[in-house]
Amino acid sequence: MKKPKSSSNDGKGADSASQLIDGRIKELSDWRGEMLARIRVLIKQADPEVVEEWKWRGVPVWSHAGIICTGETYKNVVKMTFAKGASLEDPSRLFNSSMEGNTRRAIDFHEGDNIDENALKALVRAAVALNTSSAGKRAKTKA
């Protein structure tokens, strides 16, 4: 795999972000790759206009008028971090990590975990709505 830039790629002279994410999923070749692939599909179903990016030397990022979430992979967990998660309603209580901060919230998926697909898609749609709202734009300018 080519060494990506630390910001998003537009496909000029390097692999596109989507191709880099494809490569990450393939190189994992275990439950983590399968989980990341499933999360990716659900994000795209929830927001067909989502933009895939590759940032910070290898982190898949999904954006729409700002970052929605990231998909980090570790030895024992796939972590889906919502950039403005603390501002989102989470009636299904999907957030289970990074709860102490004032901005982000995350969902840690472990091997064998089932995804509440409807709840996750609702959370992605809520993140998009926040990003495109006047409140989301104000939060973006403060950062």
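Mentor: What follows is a walk through the sheet, the helices, the core and the salt bridges.

Trainee: What kind of model is this, and how are residues numbered?
Mentor: This is a predicted model, in which local features need pLDDT of at least 70 and side-chain atom pairs count only at pLDDT 80 or more, while totals for chains, interfaces and linings use all residues. Residues are numbered from 1 along each chain as its sequence is written, and side-chain values use heavy atoms, with hydrogens and water left out.

Trainee: OK, the sheet then: what is the order of its strands?
Mentor: The open sheet has 5 strands in the order 1-2-3-4-5, with antiparallel pairing, where two strands pair if DSSP finds at least two bridges between them. Strands here are DSSP runs of E with at least two residues, helices are runs of H or I with at least four, and both are numbered from the N terminus.

Trainee: And which strands are at the edges?
Mentor: Strand 1 (51-55) and strand 5 are the edge strands, each pairing on one side only. Strand 4 and strand 5 run antiparallel and are joined by 5 bridges; Lys 79, for instance, has Asp 108 in strand 5 as its bridge partner.

Trainee: Which strands does helix 2 lie across?
Mentor: Helix 2 lies across strand 1, strand 2 (59-63), strand 3, strand 4 and strand 5, running at about 30° to strand 4, with angles taken from 0 to 180 degrees between N-to-C directions, and axes being lines fitted to C-alpha atoms, for helices over the stretch in contact. Helix 3 lies across strand 3, strand 4 and strand 5, at about 35° to strand 4.

Trainee: How do helix 1 and helix 2 pack?
Mentor: Their axes are 7 Å apart, and the two helices pack at an angle of about 145°. The residues making this contact (heavy atoms within 4.5 Å) include Ile 21, Asp 22 and Ile 25 of helix 1, together with Leu 36 and Arg 40 of helix 2.

Trainee: Changing topic, how many residues are in the largest nonpolar core?
Mentor: That core has 33 residues, and Met 80 and Phe 82 have the most contacts inside it. A nonpolar core is a set of buried Ala, Val, Leu, Ile, Met, Phe, Trp, Tyr and Cys residues joined through side-chain atoms within 4.5 Å. Among the elements that each supply at least two residues of this core are helix 1 (17-28), helix 2 (31-46) and helix 3 (117-132).

Trainee: Is Ile 43 buried or exposed?
Mentor: Ile 43 counts as buried because its relative accessibility is 0%, given that buried means under 20% relative accessible area, exposed over 50% and partly exposed in between (1.4 Å probe, protein chains only). Ile 43 is found in helix 2, and, leaving out residues up to four places away in sequence, Ile 43 touches Val 50, Trp 62, Cys 69, Met 80 and Val 124.

Trainee: How many salt bridges are there?
Mentor: The whole structure has 8, a salt bridge being a side-chain nitrogen of Lys or Arg within 4 Å of a carboxyl oxygen of Asp or Glu. In one of them, Arg 40 pairs with Asp 22, the closest N and O atoms being 2.5 Å apart, and this pair links helix 2 to helix 1.

Trainee: Are those two partners buried or partly exposed?
Mentor: Arg 40 is buried at 9% relative accessible area, whereas Asp 22 is partly exposed at 41%.
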